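Please look at the sequence and the structure shown here before reading on. The report then takes up a few features one by one.

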Amino acid sequence: RRVAARLGQADPLADVDGDGVLSTIDRDATLAAVLGRGVVFAAPASAARDSWLRLPCLLPLLDDVHASLGGRSLAIGRATPRELTVHVADDQPTGPQQLVVRVAGREVFGALVDVF
């Protein structure tokens, strides 16, 4: 309720996407978290092989997080309620590939990432 009542205001404690202002994105992400669903806010447009990707997120469940890139599973480096870090393998094929994040079997994010 706090987020919905304060849309457009600055509130660093309730601002889940980190932009400094409470918006409908914060409201929707908070609702998803209350319902036990995860939200990933963004992914880099490109990634180097043998590198780590930092994904800002809101994850209420940390024990069942899976990520894949181009259909290949990614190693989870760190999963916290506000950040997911995944490793792109050194033998990952190059070119545009679909990044998918699932929490408890439910897809919560998908985006194209150009691997180089």
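## Basis of the report

This is a predicted model, in which local features need pLDDT of at least 70 and side-chain atom pairs count only at pLDDT 80 or more, while totals for chains, interfaces and linings use all residues. Residues are numbered from 1 along each chain as its sequence is written, and side-chain values use heavy atoms, with hydrogens and water left out.

## The sheet

An open sheet is formed by 4 strands in the order β1-β3-β7-β6, with antiparallel pairing; strands (E, at least two residues) are DSSP runs numbered from the N terminus, and two of them pair if DSSP finds at least two bridges between them. At the edges lie β1 (39–40) and β6 (75–79), each of which pairs on one side only. In general, strands of a sheet pair through backbone hydrogen bonds, either parallel or antiparallel.

The pairing of β1 with β3 is antiparallel and runs over 2 bridges. For V40, the bridge partner in β3 is C57.

## T85 in strand β7

T85 has its place in strand β7 and is buried, with a relative accessible area of 14% (buried means under 20% relative accessible area, exposed over 50%, and partly exposed in between, using a 1.4 Å probe and protein chains only). Leaving aside residues up to four places away in sequence, T85 touches W52, L53, A75, I76, G77 and R78, where contact means heavy atoms within 4.5 Å.

The side chain of T85 also makes a polar contact with the side chain of E83, at 3.4 Å. A polar contact is a pair of N or O atoms within 3.5 Å; within protein, one must be able to donate a hydrogen and the other to accept it, and residues adjacent in sequence count only if both atoms are side-chain atoms.

## Salt bridges

A salt bridge is a side-chain nitrogen of Lys or Arg within 4 Å of a carboxyl oxygen of Asp or Glu, and by this rule the count is 4. In one of them, the side chains of E83 and R54 meet at 2.5 Å, N to O. E83 lies in strand β7 (residues 83–88) and R54 in strand β3 (residues 51–58), so this pair ties together parts that are 29 residues apart in sequence. R54 is partly exposed, at 49% relative accessibility.

Another salt bridge joins R27 and D28, whose closest N and O atoms are 3.1 Å apart; R27 is partly exposed at 34%, and D28 is partly exposed at 42%. E107 and R102 also form a salt bridge, with their closest N and O atoms 3.8 Å apart.
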